[in-house]
Amino acid sequence: MKHLFVIAFAALMGCTPMPAGPDPIRLDFPEASRFRAASPGPATRPNSEIALDFIDLAFRMESGRKLPVLSRFEGPITVRVQGPVNQTTVNDLSDLLNRLRREAQIDIRFTSGDDANIVIEAVPNRTLQRVAPNAACFVVPRVQSWAELRAARNTPTLNWATLRQRERAAIFLPSDVTPQEIRDCLHEELAQALGPLNDLYRLPDSVFNDDNIHAVLTGFDMLILRAYYAPELQSGMTEQQVAERLPRILRRLNPRGQRRGGQIPSDTSREWISAMELALGEASDSRRRQAASRAIAIGQSLGWTGPREGFANYVYGRLQIGNDATLALGAFNAARRVYGQSPITDIHSAHIAVQLAAFTLISGNAEATIAITDRAIPVAEKHENAALLALLMMFKAEALDLQGDTDAGMALRLDSLGWGLYGFGSREEVIDRLNEIASLPPDIPPS
């Protein structure tokens with residue numbers, strides 16, 4: 001289940017009047033840009049770690065409930081789309097199926113037939129939110145339409161734990177959100193329809209993580225799915241049976257991972273998860289800030305480092321925007337230090353870069369803004385996050401303007417528009433982002 005988690009940046013001077021914004025005549029909007037649908041890179045962690053991740057992903061649910069057996073589709077898998085799905089979504093799904101065939105070696109293809117194994121149905125976001133208020137999209141077993149889902153609610157039909165083999169599943173995604181949001185839903189929910197049903201906050205390199213940092217399936221995710229459909233495994237196997245076969249499978253699929261691993265991260269406590277859920281939820285701002293602070297404290301007491309420590313600080317920093325700029329900046333710098341310790345969290349660092357670029361731009365430090373964005377822009381592009389990429393380009397464009405290089409600033413601003421259309425959905429939304437960034441006054445320090 002992909003959760004709602006919107007990119008934001010530190011618009012610290014929210015009471016400042018908005019400027020007139022970019023001249024629409026000078027902004028000749030292109031078509032929305034598209035990525036090459038290439039892998040962000042191969043799995044990089046040792047197989048010993050990946051094996052433990054596989055077991056926790058395959059035999060646990062997000063609630064912590066254990067699954068009795070491995071379940072998967074057996075044989076070729078067909079996918080059908082229905083509802084108001086536009087061509088961009090069809091193209092993105094086609095790219096994803098190509099990656100699944102190429103990288104995960106899964107036999108999966110489009111079909112127009114009624115007997116599809118997986119049906120992807122688009123429904124209005126308001127309709128979807130009435131069923132799952134905190135989810136951007138979701139997947140369920142055994143049903144093939146929204147009408148069947150509604151009929152099966154509160155029945156054992158939708159219980160994944162009762163499956164021994166998958167034959168039918170349905171993915172429900174919103175029809176009226178941005179192209180990037182729809183694509184991100186396709187990646188996570190199709191991966192869960194095929195394989196793991198769990199999310200693990202400890203994972204730095206996976207969409208199977210409720211931090212929603214990764215927008216598309218990673219090399220780790222593709223390795224997990226390829227192992228899931230390895231011929232050595234089959235539906236109905238117990239955790240012990242899978243664990244016995246997994247080292248040999250990973251040795252065959254990922255020989256570069258045959259090396260000594262570091263310390264295995266401990267399980268994520270339910271107390272920490274509950275605090276993060278509250279921080280990301282619909283409570284009052286003060287309660288959400290308190291919950292994020294509590295999550296940071298829990299992690300410190302347990303000696304955690306890595307993605308969980310970074311994410312708790314990132315969320316705390318975001319929640320302090322507009323409340324206490326000093327605390328926000330301190331939290332973002334703490335997250336930056338954590339994420340900067342390993343290249344495996346480069347995309348996490350790129351998310352922090354947006355926040356830090358706002359602070360440096362407000363302070364009038366064009367050189368620092370350019371340095372921050374220059375490091376993050378290629379990372380956002382590699383990980384196919386168009387919204388993040390567009391924002392970084394817009395910040396750099398403003399910094400170039402501050403340096404007096406307005407031609408280069410306008411050229412980069414124009415280059416950001418196609419990515420902005422894909423990431424934010426409309427010309428008006430892109431203009432709003434440009435205006436928000438232009439409203440950060442360089443002569444007024446953050447307070």
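Helices (H or I, at least four residues) and strands (E, at least two) are DSSP runs, numbered from the N terminus. The model is predicted: local features need pLDDT of at least 70, side-chain atom pairs count only at pLDDT 80 or more, and totals for chains, interfaces and linings use all residues. Residues are numbered from 1 along each chain as its sequence is written, and side-chain values use heavy atoms, with hydrogens and water left out.

Ile77 belongs to strand E2 (residues 77-82). Its relative accessible area is 2%, so Ile77 is buried (under 20% relative accessible area; exposed is over 50%, partly exposed in between; 1.4 Å probe, protein chains only). Ile77 and Arg109 are 32 residues apart in sequence, yet their C-alpha atoms are 6.5 Å apart. Contacts (heavy atoms within 4.5 Å) of Ile77, leaving aside neighbours within four places in sequence, include Ile106, Asp107, Ile108 and Arg109. Leu194 and Tyr229 are also among them.

The whole structure holds 1 disulfide (a pair of cysteine sulfur atoms within 2.5 Å). Cys137 and Cys185 form this bond, with sulfur atoms 2.1 Å apart. Cys137 sits in strand E5 (residues 135-141) and Cys185 in helix H5 (residues 179-194), so the bond ties together parts 48 residues apart in sequence. The torsion about the S-S bond is about -95°, and the disulfide is therefore left-handed. Cys137 is buried, at 0% relative accessibility. Cys185 is buried too, at 2%.

Salt bridges (a side-chain nitrogen of Lys or Arg within 4 Å of a carboxyl oxygen of Asp or Glu) number 19. One of them joins Arg99 and Glu103, at 2.6 Å from N to O. These two residues lie 4 apart in helix H2, so about one helical turn separates them. Both Arg99 and Glu103 are buried.

A second salt bridge pairs Arg202 with Asp267, the closest N and O atoms being 3.8 Å apart. Arg202 lies in the loop between H5 and helix H6 (219-228), and Asp267 in the loop between helix H7 (239-253) and helix H8 (270-279), so the pair ties together parts 65 residues apart in sequence. Arg202 is buried at 8% relative accessibility, whereas Asp267 is exposed at 57%.

Arg252 and Glu232 form another salt bridge, at 2.9 Å from N to O. Arg252 is in helix H7 and Glu232 in the loop between H6 and H7, 20 residues apart. Arg252 is partly exposed, at 44%. Glu232 is partly exposed as well, at 23%. Salt bridges that share partners also join Arg45, Glu49, Asp53, Asp56, Arg202, Asp205 and Asp267 into one network.

Glu384 occupies the loop between helix H13 (366-382) and helix H14 (386-402). Glu384 is buried but has no salt bridge. The nearest side chain of opposite charge (Lys and Arg count as positive, Asp and Glu as negative; His and the chain ends are not counted) is Arg183, 4.1 Å away. A polar atom of the Glu384 side chain lies 3.3 Å from the backbone nitrogen of Ala38.

Most residues other than glycine have a negative phi. Gln105 has a positive phi of about 60°. Gln105 lies in the loop between helix H2 (87-103) and strand E3 (108-110). Phi is also positive at Arg142, near 75°, in the loop between E5 and helix H4 (146-152). Both are partly exposed, Gln105 at 49% and Arg142 at 32%.

How values were computed
Polar contact = N/O pair within 3.5 Å; in protein donor to acceptor, adjacent residues only side chain to side chain.
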